[in-house]
Structures are given as structure tokens and as C-alpha cells.
Amino acid sequence: MKSLQEKIIKDGNVLSDQVLKVDSFLNHQIDPKLMKEIGEEFASRFTNDKITKILTIESSGIAPSVMAGLVLGVPVVFARKRKSLTLTQDLYTADVYSFTKQETNPIAVSKSFITNEDRLLIIDDFLANGQAALGLLDIAEQAGASVAGIGIVIEKAFQDGGNLLREKNVRVESLARVQSLENGKVTFAEGALV
Ligand code: G4P
Ligand code: NA
Ligand code: NA
């Protein structure tokens with residue numbers, strides 16, 4: 001997605017060979033116009049897949065998911081990471097391991113919002129090691145829902161997540177695939193901008 005690549009080049013900051021900071025449009029401040037385009041792009045890639053619901057994870061998955069849900073005309077459910085005062089029982093839960101923090105944290109979705117009738121589009125902001133996506137797939141499986149695929153805003157193609165998911169025959173649609181962050185420079189797997 002060309003406008004996303006341009007935004008990453010213009011406003012992204014390479015923090016290290018591993019980490020791309022995109023706080024000014026995705027992870028902290030949000031660019032609604034770009035988010036709308038991202039939603040439209042996800043929707044067009046999954047337009048024939050009879051999606052009934054989008055499943056994402058708080059917090060940065062929510063904005064692109066809502067925009068895609070608006071276009072597809074389906075609700076958006078986000079898995080929660082923190083305990084909720086009102087969300088206390090009848091939960092699907094999964095453990096998500098963080099390689100960065102070297103800890104495992106639970107995520108949860110109320111059983112009322114995903115059923116075996118659902119065909120899900122899973123969306124997240126980043127795909128790194130794929131652990132969050134695996135947790136969401138686990139929850140979908142517990143609910144008996146089918147998964148049409150996973151939509152990712154930025155895939156770090158040099159980390160394991162993409163391979164891990166594609167090896168499981170999960171369809172992964174990444175709007176930007178970063179091949180390398182070496183020497184402070186963003187290189188895209190899909191090639192340079194035209
Ligand atoms: P990992 O070990 O599988 O890589 O996951 P990790 O727990 O380290 O990921 C922690 C958070 O960092 C996740 O968001 C993930 O989306 C994000 N992330 C991973 N790589 C990058 C990167 O290069 N740049 C940025 N900006 N984020 C990255 P989160 O903690 O769940 O935060 P949020 O969704 O509330 O924003
Ligand atoms: Na994030
Ligand atoms: Na995330």
C-alpha cells in the first residue's frame with residue numbers, strides 16, 4: 001500500500017534494527033485519513049470472504065479494525081489485555097508470550113461476541129513474532145468460528161510471525177512488509193516506492 005509506505009518513510013523512526021516507531025500515526029497519535037485508507041484496503045482484500053466480524057486486540061489494532069468494519073459493515077471485537085470490571089465471566093482466554101518482555105500475558109474475549117456462526121477477519125497493527133495473532137486464532141478456534149485470514153498493517157518480514165502463520169495455512173495480508181531496518185533505514189519487502 002503505497003500511501004502507507006510513504007507515511008512510514010516520512011514519519012516512522014527506526015529505533016533499532018528490530019523496532020520501528022510509528023507513534024505519530026498508528027500507536028499513539030492516530031491519522032484518521034490514513035486509517036480510513038487502511039480500512040478500505042483491508043475491506044477490499046476480504047470483500048468476497050463473507051466476513052461477519054473483525055477480531056483484533058487492544059489498543060493499536062482497534063483503529064484500523066473499526067475503519068475496516070465500517071466498510072465491510074460488520075462489528076469489531078477487541079480482545080482485552082487488562083482485567084475489566086464488567087467483563088468477568090464466560091470468557092475465551094489465550095496466553096500471549098512476549099519475546100521482548102519475556103513474559104506471558106492472558107488476553108480475553110467475552111463468549112457473547114464470537115460464535116460458531118462467525119467468519120472472522122483478524123486484524124492487528126504489527127506482525128513481529130506472531131504471538132498475538134496466534135492467541136487470537138486460539139480464541140477463534142475455542143469459539144468454533146472460522147477465520148478467513150489475518151490483516152496486518154505493518155509486517156516485520158525479518159521476524160518469525162509471518163512464516164509461522166503462513167506455515168499453518170493462514171492467509172496473511174500485510175499492507176506494508178518491512179524487510180529490514182538495518183543502518184537506520186526502512187527497506188520494504190515489496191520493493192522501493194515507484
Ligand atoms: P513479540 O515479542 O511477539 O514481538 O511481541 P511483543 O510483546 O514484543 O510486542 C509488544 C508490542 O510491540 C505489541 O503491541 C506489538 O504490536 C508491538 N510491536 C512489535 N514490534 C514492533 C515495532 O517494530 N514497532 C512498533 N511500534 N510496535 C511493535 P502492544 O504492546 O500490544 O501495544 P498496543 O497494541 O497497545 O499498541
Ligand atoms: Na502495538
Ligand atoms: Na498490537
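Colleague: Taking a polar contact as a pair of N or O atoms within 3.5 Å, how far is the backbone N or O atom of F99 from an oxygen atom of ligand 1?

Modeller: That distance is 2.7 Å. This is a predicted model, where local features need pLDDT of at least 70, side-chain atom pairs count only at pLDDT 80 or more, and totals for chains, interfaces and linings use all residues. Residues are numbered from 1 along each chain as its sequence is written, chains are lettered from A and ligands numbered from 1 in the order in which they are written, and side-chain values use heavy atoms, leaving out hydrogens and water.

Colleague: Which side chains contact ligand 1 through N or O atoms?

Modeller: An N or O atom in the side chain of N27 is 2.8 Å from a nitrogen atom of ligand 1, while a polar side-chain atom of N129 lies 3.0 Å from an oxygen atom of the ligand. The protein covers 76% of the 710 Å² of accessible area (Shrake-Rupley, 1.4 Å probe) that ligand 1 has on its own.

Colleague: And which residues come nearest to ligand 1?

Modeller: L20, S59, S60, K81 and T100 do, out of 16 residues around ligand 1, counted when a heavy atom lies within 4 Å.

Colleague: Switching topic, what does UniProt list for residues 62–79?

Modeller: An unreviewed UniProt entry lists "transmembrane region" there, an annotation that may be inferred rather than shown by experiment.

Colleague: Is K168 buried or exposed?

Modeller: K168 counts as exposed because its relative accessibility is 51%, where exposed means over 50%, buried under 20% and partly exposed in between. K168 is in the loop between α6 (161–167) and β9 (172–180).

How values were computed: Helix = DSSP H or I, 4+ residues; strand = E, 2+ residues; numbered from the N terminus. Buried < 20%, exposed > 50% of the residue type's maximum accessible area, 1.4 Å probe, protein only. Polar contact = N/O pair within 3.5 Å; in protein donor to acceptor, adjacent residues only side chain to side chain.
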